Amino acid sequence: MTTEAAGGPGGGALLVVGDVVTDVVARHREPLAAGTDTAAEIRTLPGGAGANVACWAAYTGCADVRLLGRVGADAAAWHERALRAAGVRPVLVVDPEAPTGTVICLVDSGAGAERTFLTDSGASLRLEPVDWSEDLLDGVARLHLSGYLLFSASGRALVRVVSASARARGVPTSLDPASAGFLRELGAGRFLDLVEGVDVLLPSRDEACLLTGLPDAEEAAAELSRHVPLVVTKCGADGAVVADAGTVVARVAAAPADPRDTTGAGDAFTGAFLAALVVGAELEAAAAQGCRAGARAVEQVGGRPPERG
């Protein structure tokens, strides 16, 4: 494991702990044809919710973004190069047994650009407490945890250790639930128990409604903010809802976009939102920056921001 821990200018560093995976994105226009071929545009891209958040945070203005993740030896060098090129300081643990996680993203290239994921988590969900070092919090202003960590026993153990370290240092912690499908399997009650002590929760509309059993995004955000102090619910084309201590305090409109691929839109929002908080933005302004990044994300293929010029 290698690490760079030098602090950056501004409000301090953002440390992301989460998944690094390889995305195989297949954009198809016709419905999938069982038992035969369906024409598609296929690209292999670096991805992972945690890694995507880190890259978007760097892209939208956070000067020092760090990422702790776990990969296989098969793609470690490729992922490290991609993260560095995006302005992220990678701390990648190379798993001696498991390959890098892989996600097949099936994207319907119709008007909604909706996607379906086939996920082999591989090394990404094998992050564990032994991979953590207290030094990773040196100079850190905010800690963000990918919700995918909660879907493995080792990840849950890591979340407990990292969260305790952050609380001891007074570093605010955020978490994105990451997957409505995996969240349903875990259970809402168990999830809420696991995120006790988190300062900011960033669910999608579907995740917020699943966690509360409420059909309305605003009601769900308000209810969740009785469990987590601040909740920012991402509502896609309907923008975002910010709730604090049981009350909706802001509604932010979405930025206009012509969707090509919605993969990573939520990660883009999260990264941009956190980048804004690190430099001292107010909540509504931070959510607006998140909406702009989400709009930018859906207009391109893959979950990462455009390459730097």
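This is a predicted model: local features need pLDDT of at least 70, side-chain atom pairs count only at pLDDT 80 or more; totals for chains, interfaces and linings use all residues.
Setting aside its neighbours within four places in sequence, Trp132 is in contact with Leu15, Val17, Leu68, Leu137, Leu158, Val161, Val162 and Ser165.

## The overall fold

Stepping back, you will find nine helices and 13 strands in the protein. The radius of gyration is 18 Å, close to the 19 Å that the globule rule gives for 309 residues, so the protein is as compact as a globular protein of that length. The C-alpha trace spans about 55 × 45 × 40 Å along its principal axes.

Buried residues make up 54% of the 309 residues. Among contacts with a separation of 6 or more, 70% are between residues 24 or more positions apart. As for the surface, the protein exposes about 12,800 Å², and carbon and sulfur atoms supply 51% of that area.

Helix H6 covers residues 205–212, and its buried residues are Glu207, Ala208, Cys209 and Leu211. An α-helix has 3.6 residues a turn, so residues three or four places apart point the same way. Glu207 and Leu211 are both on the buried list for H6.

What do the buried residues of H6 pack against? Their partners include three other helices by name: H4 (180–186), H5 (188–194) and H7 (217–224). They also pack against strands S9 (173–176), S10 (200–201) and S11 (230–234).

## Salt bridges

Side chains of opposite charge can pair when their charged atoms come close. In this structure the count comes to 13 salt bridges. One of them joins the side chains of Glu41 and Arg27, at 3.3 Å from N to O. This pair links distant parts of the chain, with Glu41 in strand S3 (residues 41–47) and Arg27 in strand S2 (residues 21–28), 14 residues apart. Arg27 is buried, with a relative accessible area of 11%.

Are the partners in the Asp64 and Arg66 salt bridge buried or exposed? Their side chains meet at 3.0 Å, N to O. Asp64 counts as buried because its relative accessibility is 1%, and Arg66 counts as buried at 2%. Arg251 and Glu218 form another salt bridge, at 2.8 Å from N to O. Arg251 lies in strand S13 (residues 247–252) and Glu218 in helix H7, so this pair ties together parts that are 33 residues apart in sequence. Here Arg251 counts as exposed at 54% relative accessibility, while Glu218 counts as partly exposed at 27%. Elsewhere, Arg70, Asp95, Glu97, Arg126 and Asp131 are linked in a network of salt bridges.

## An aromatic cluster

The structure holds five aromatic pairs. Tyr148 and Phe182 form one that is edge-to-face, 6.1 Å centre to centre and with 80° between the planes. Tyr148 lies in the loop between strand S8 (140–146) and helix H3 (153–169), and Phe182 in helix H4, so the pair ties together parts that are 34 residues apart in sequence. Tyr148 counts as buried at 14% relative accessibility, and Phe182 counts as partly exposed at 25%.

Phe182 also pairs edge-to-face with Phe151, at 5.4 Å centre to centre and 65° between the planes. Phe151 is in the loop between S8 and H3, so its pairing with Phe182 in H4 ties together parts that are 31 residues apart in sequence. Phe151 counts as buried at 17% relative accessibility. Tyr148, Phe151 and Phe182 form one aromatic cluster.

## Gln300, after the last stop at H9

Finally, look at the segment after helix H9 (283–298), where Gln300 is found. Gln300 counts as buried because its relative accessibility is 14%. Its C-alpha atom is separated by 7.6 Å from that of Pro259, 41 residues apart along the chain.

Which residues is Gln300 in contact with, leaving aside neighbours within four places in sequence? They are Trp56, Arg260, Asp261, Pro305 and Pro306.

Definitions and conventions. Residues are numbered from 1 along each chain as its sequence is written. Side-chain values use heavy atoms; hydrogens and water are left out. Buried means under 20% relative accessible area, exposed over 50%, partly exposed in between (1.4 Å probe, protein chains only). Helices (H or I, at least four residues) and strands (E, at least two) are DSSP runs, numbered from the N terminus. Contact means heavy atoms within 4.5 Å. A salt bridge is a side-chain nitrogen of Lys or Arg within 4 Å of a carboxyl oxygen of Asp or Glu. The radius of gyration is taken over C-alpha atoms; the globule rule is 2.2 Å times the number of residues to the power 0.38. Accessible areas come from the Shrake-Rupley method with a 1.4 Å probe; for residues, only the protein chains shown count as cover. Rings of Phe, Tyr and Trp (its six-membered ring) pair if their centres lie within 6.5 Å; planes under 30 degrees apart count as stacked, over 60 as edge-to-face and the rest as tilted.
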